[in-house]
Amino acid sequence: MVTVRAPATSANLGSGFDVFGAALDRPADVVRVEKADRTTIDVTGYGSEFIPEDPADNTVGAVAEALDAPAHIRIDKGIRPSSGLGSSGASAAAAAVALNELYDRGLSRKELVPIAGKGEATVSGEVHLDNVAPALLGGFTVATGRDVTTVDADIPLVACLPEIAISTRDARDVVPAGATMEQLVYTVGRAATLTTGMCRDDPRLVGKGMHDRLVTPARADLISGYDEVREAALDAGATGVTVSGAGPGVIAACYPEDRRSIAAAMVDGFGEVGVDSRAYQTKIGRGATLYRD
Ligand SMILES: Nc1ncnc2c1ncn2[C@@H]1O[C@H](COP(=O)(O)OP(=O)(O)O)[C@@H](O)[C@H]1O
Ligand SMILES: N[C@@H](CCOP(=O)(O)O)C(=O)O
């Protein structure tokens with residue numbers, strides 16, 4: 001048996017739609033695999049009641065097929081599905097690492113990115129690598145086509161998850177079909193600022209780079225209390241706030257000493273509109289970790 005822990009991830013980070021992603025040091029999924037004649041899946045843990053065990057409908061099924069690696073796959077969910085923390089991507093990434101090891105396929109982590117991406121596509125309807133790339137490689141990642149660049153950044157974060165479910169597939173339906181030259185220039189400037197901040201471990205630059213006028217406003221409209229939570233986080237010292245992934249999670253960049261107060265402020269912000277939520281005081285972390293049993 002092979003066991004792999006794969007982290008939650010926060011994709012887009014405002015200015016990097018479908019490109020930027022960051023691995024979080026918590027929460028995480030744990031996947032255990034054993035060789036079998038055909039793939040079967042058992043799901044336990046956070047939100048498991050909403051996750052199909054049919055290999056055709058679970059992200060790990062597509063990964064097992066892509067690696068020609070039938071197995072009994074046990075997924076212990078630490079990341080709530082449809083939360084904007086890359087829950088489906090984490091399972092796909094963990095399964096890719098575990099099955100690659102179990103069947104000795106010898107593929108590198110970067111070679112596993114498009115394979116895990118196939119798993120993601122079964123759920124979101126389109127291939128986007130900005131969850132599976134950081135879940136596999138760790139750190140801050142820039143996924144452009146099949147090429148991925150990583151930065152081992154040390155940036156404190158707070159991820160606040162409201163008790164709202166928004167599927168990535170639905171949230172992709174509200175993405176604008178195009179952009180003006182002004183929006184393009186604004187986005188490129190913020191994306192470059194964020195990337196510079198990641199390279200310098202500078203929460204102020206990262207926060208400045210999280211602004212987005214293209215995709216985030218449409219998704220923020222799906223999140224009851226978003227404006228209140230964003231203002232509360234900024235007032236508590238956050239350097240930047242945006243929608244995590246496709247939402248409804250909200251992610252804030254900050255300095256370490258402000259993390260606790262920002263987490264409390266974000267929960268209170270959702271509370272103002274009658275929405276329960278949970279905040280993770282976290283930071284950019286490492287990628288999937290293999291445990292040989
Ligand atoms: N291993 C998995 N983990 C989580 N969700 C999964 C998995 N396999 C399939 N799914 C489906 O994907 C949905 C969540 O994916 P999505 O809406 O993209 O949000 P997220 O990627 O943030 O979890 C779940 O409702 C479930 O139906
Ligand atoms: N770029 C994707 C990222 C989805 O992230 P998730 O954590 O919500 O699965 C998108 O914005 O659709």
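Trainee: Which element gives the most to the lining of the largest pocket?

Mentor: This is a predicted model. In general, rolling a probe the size of a water molecule over the atoms shows where empty space is left. In this case the largest pocket holds about 710 Å³ of space. Its lining counts 44 residues, and P81, S82, S87, S88 and V123 are the closest to its centre. Two or more lining residues come from each of β4, α2, α3 (109–124) and α5 (168–172). The element that gives the most is α3, with four residues.

Trainee: How do the lining residues of the largest pocket divide into nonpolar, polar and charged?

Mentor: The lining has 19 polar, 14 nonpolar and 11 charged residues.

Trainee: Which residues come nearest to ligand 1?

Mentor: There are 20 residues around ligand 1, and K77, S82, S87, S88 and T168 come nearest. By class, 11 of the shell residues are polar, seven nonpolar and two charged.

Trainee: Which atoms of ligand 1 lie 3.2 Å from N58 and T59?

Mentor: A nitrogen atom of ligand 1 is 3.2 Å from a side-chain N or O atom of N58, and a nitrogen atom of the ligand is 3.2 Å from a polar backbone atom of T59. For S88, an N or O atom of the side chain is 2.6 Å from an oxygen atom of ligand 1. Taken alone, ligand 1 exposes 550 Å², of which the protein buries 90%.

Key: Residues numbered from 1 in each chain as written. Chains lettered and ligands numbered in written order. Predicted model: local features only at pLDDT ≥ 70, side-chain atom pairs only at ≥ 80, totals over all residues. Heavy atoms only, no water. Near = heavy atom within 4 Å. Polar contact = N/O pair within 3.5 Å; in protein donor to acceptor, adjacent residues only side chain to side chain. Areas by Shrake-Rupley, 256 points an atom, 1.4 Å probe, with all protein chains shown as cover. Nonpolar A, V, L, I, M, F, W, Y, C, P; charged D, E, K, R; others polar. 1 Å grid on protein atoms, 1.4 Å probe; cavity = no way out; pocket = protein on both sides within 12 Å on 5 of 7 lines; lining within 4 Å. Points joined across faces, edges and corners; volume = space filled by probe spheres on them.
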